[in-house]
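Reader: Please show the model first. I will then ask about one element and about the chain as a whole.

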Amino acid sequence: KRYVRICLGGVKDEAEIRGHRKTYVGAMPGRITVALQQAKVANPLMLLDEIDKTSSDYKGDPSSAMLEVLDSEQNAKFIDHYVDMPVDLSEVLFIATANDVHTIPRPLLDRMELIEVNSYTENEKLHIAQEHLIPKQIEKHGLKADQLTISKNAIWKMARNYTKEAGVRQLERKIGDICRKSAMEILEKKKKSIHVTERNMEHYLGKELYSYQMANEEDEVGIVRGLAWTSVGGDTLQIEVNMMPGEGEILLTGQLGDVMKESAEIALSLVRALLPKEEEFFKTHDFHLHVPEGAVPKDGPSAGVTMTTAIYSAVTGKKILAKVAMTGEITLRGRVLPIGGLKEKLLAAKQAGIQKVVVPKENKPDVEELEEEITEGMQIVFAGSISDVLKEALVQK
């Protein structure tokens, strides 16, 4: 198919889509009609780039004008105000891109089929770098293929310790940095070829920018590893609980959002219900729940089971297995609720050296869809209630 691209980022005038009426000075047809004209065929592939970045003002709402364009039942007779005749868009294949679907109006989203592109795995990043990014950057910097080689482990180290992203843009920039430094060395030091490995990576890219918090070495009381989804992939969260004499209050620190604050309160109520014999203990002790990295805001409905397990461990004195991580929201009666972003969370757990991950039972279909390389080497346990979680996470004496 012939290909045309329309960038919708920053478009806030309805006439950009529908065209101006001919009575206006400087009237022009809309972008859709112009793109169809450029393609010179009735059935091109039209890319609507950044469809979530359109905005509305007093000149109209472009998102509303897009409703007719993307509706397969109506777009055979799309009216452009400039052409003032029905334009047939029924044979056009539209592909739209967006970073955040939450900013796309619901009626417009209803006319689209959504394909979510998740984070790349480390293995995918390796293949993308080897097959596309490295040859592209070598050519761009005027080098020959035999003048620069980057080892497999070096690419992994670059993806892990020098970039923190879901895609590969930053990885491509880092490869570009290596190419520039290599080109300078070949020119000034008359080197014939350069081989970049894990060991000499620091010479080309400087100190490591990111490090992953590895799983704890020892089983401890009141410390649990949770899993979180972030815009740049997944991450692990360590949740710590301490107790001190008091009146049964709970203190929360670590810049937690409203959802996580509520999860902590539910967790405390649930533990009190699970341990009725310890009621006197709860009345005479305060709890301090902290999520390290206090400068980073944290919020999301997937830390309920982690907080419950940490508080339960602190009260009973039972140790939590160091190589266990968990994710899931909890109800007041102890049911484990499903969560999203499982692929990214499991990747984060794998990077942190976690051996067992407890996930909600209702997320079983999501796990079955994942590639083997993500789940390989990890035991994934499904939990339907808090008792299942505690059974897997606590050290059984």
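Reader: Which residues in α11 are buried?

Author: This is a predicted model, in which local features need pLDDT of at least 70, side-chain atom pairs count only at pLDDT 80 or more, and totals for chains, interfaces and linings use all residues. Residues are numbered from 1 along each chain as its sequence is written, and side-chain values use heavy atoms, with hydrogens and water left out. Buried means under 20% relative accessible area, exposed over 50% and partly exposed in between, with a 1.4 Å probe and protein chains only. In α11 the buried residues are Gly304, Val305, Thr306, Met307, Thr308, Thr309, Ala310, Ile311, Tyr312, Ser313, Ala314 and Val315.

Reader: What distance does α11 reach from its first C-alpha to its last?

Author: Helices (H or I, at least four residues) and strands (E, at least two) are DSSP runs, numbered from the N terminus. Helix α11 covers residues 304-316, 13 residues. The expected span is 1.5 Å times one less than the number of residues, and α11 comes close to its expected 18 Å, with a reach of 18 Å.

Reader: Which residue follows α11?

Author: The phi of this residue is positive, near 80 degrees. The residue after α11 is Gly317.

Reader: How many helices and strands does the protein chain have, and what is its radius of gyration?

Author: The protein chain has 15 helices and 16 strands.

Reader: What does the C-alpha trace span along its principal axes?

Author: The spans refer to the C-alpha trace of the protein chain. They are about 80 × 60 × 35 Å.
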